[in-house]
Amino acid sequence: MNFADRLQQLPSATHLAALQLLGAHGEVIATIENQPGQKGSLVVYAALAALYGGRITPAAAALGLEWYAEHTADAKAFPGKHPNIDRLLAWSQGSESFGTQAVAA
């Protein structure tokens, strides 16, 4: 299934202005905003957080890479082009879990 089709199956994130990703001590390490160029990532990360109890675990990251479909291969071929996918690539290989905090629209 390609990325566009996958997005149609995931819950909407229109209720969010952003999703903050949290480090080990609760610090914000990244923010995915509800704006052009990030909306798809917001949907993916919000759905992963919902499925994994508000956390992005290595298993959640691996699932996210499946959901990004054709964009995952592009991210692997061109590191830095897709920072939200690059993050999941790294997290899927690790053992840490990262918190999330929704920012309401």
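## A charge over a ring

The charged end of Lys81 sits over the ring of Phe78, 5.3 Å from its centre. Such a placement requires NZ of Lys or CZ of Arg within 6 Å of the ring centre and within 35 degrees of the ring normal.

## Basis of the model

This is a predicted model: local features need pLDDT of at least 70, side-chain atom pairs count only at pLDDT 80 or more, and totals for chains, interfaces and linings use all residues. Residues are numbered from 1 along each chain as its sequence is written, and side-chain values use heavy atoms, with hydrogens and water left out.

## The sheet

Four strands form an open sheet in the order 2-1-4-3, with antiparallel pairing. Strands are DSSP runs of E with at least two residues; helices are runs of H or I with at least four; both are numbered from the N terminus. Two strands pair if DSSP finds at least two bridges between them. Strand 2 and strand 3 (55-56) are the edge strands, each pairing on one side only.

Strand 3 is joined to strand 4 (residues 98-104) by two bridges, and the two run antiparallel. Arg55 has Gly99 as its bridge partner in strand 4. Ile56 stands opposite Phe98 in that strand. Between strand 1 and strand 4 there are six bridges, again antiparallel. There, Leu19 has Ala102 of strand 4 as its bridge partner.

## Helices on the sheet

Which strands does helix 2 touch? Helix 2 packs on the sheet and touches strand 1, strand 2, strand 3 and strand 4. Its direction makes about 60° with that of strand 1. Contact means heavy atoms within 4.5 Å. Axes are lines fitted to C-alpha atoms, for helices over the stretch in contact, and angles run from 0 to 180 degrees between N-to-C directions.

Helix 5 lies across strand 1, strand 2, strand 3 and strand 4. Helix 5 runs at about 135° to strand 2.

## The nonpolar core

The largest nonpolar core has 28 residues. A core of this kind is a set of buried Ala, Val, Leu, Ile, Met, Phe, Trp, Tyr and Cys residues joined through side-chain atoms within 4.5 Å. Buried means under 20% relative accessible area, exposed over 50%, and partly exposed in between, with a 1.4 Å probe and protein chains only. Tyr45, Leu48, Ile56, Leu88 and Trp91 have the most contacts inside the core.

Two or more residues come from each of strand 1 (16-22), strand 2 (28-33), helix 2 (39-51), helix 3 and helix 5 (83-93). Helix 2 gives the most, with eight residues. Trp91 touches Leu21, Ile29, Tyr45, Ile56, Pro58, Ala61 and Phe98, not counting residues up to four places away in sequence.

## Aromatic pairs

How many aromatic pairs does a search of the whole structure find? The search finds two. Rings of Phe, Tyr and Trp (its six-membered ring) pair if their centres lie within 6.5 Å; planes under 30 degrees apart count as stacked, over 60 as edge-to-face and the rest as tilted. Phe3 and Tyr68 have ring centres 5.2 Å apart and planes at 15°, so they are stacked. Phe3 lies in helix 1 (residues 3-9) and Tyr68 in the loop between helix 3 and helix 4 (70-77), so the pair ties together parts that are 65 residues apart in sequence. Phe3 is buried at 12% relative accessibility, and Tyr68 is buried at 3%.

The other pair is Trp91 and Phe98. Their ring centres are 3.8 Å apart and their planes at 10°, so this pair is stacked. Trp91 is buried, with a relative accessible area of 11%. Phe98 is buried too, at 9%.

Why does helix 3 count as largely enclosed by the rest of the structure? Seven of its 10 residues are buried, so the term applies. The buried residues are Pro58, Ala60, Ala61, Leu63, Gly64, Leu65 and Trp67. They pack against helix 1, helix 2, strand 3, helix 4 and helix 5.

Ala62 also lies in helix 3 (residues 58-67). Ala62 is partly exposed, with a relative accessible area of 33%. Ala62 and Gly40 are 22 residues apart in sequence and 17 Å apart in space, C-alpha to C-alpha.

Just after helix 3 comes Ala69, in the loop between helix 3 and helix 4. Most residues other than glycine have a negative phi. Ala69 has a positive phi of about 50° although it is not a glycine.
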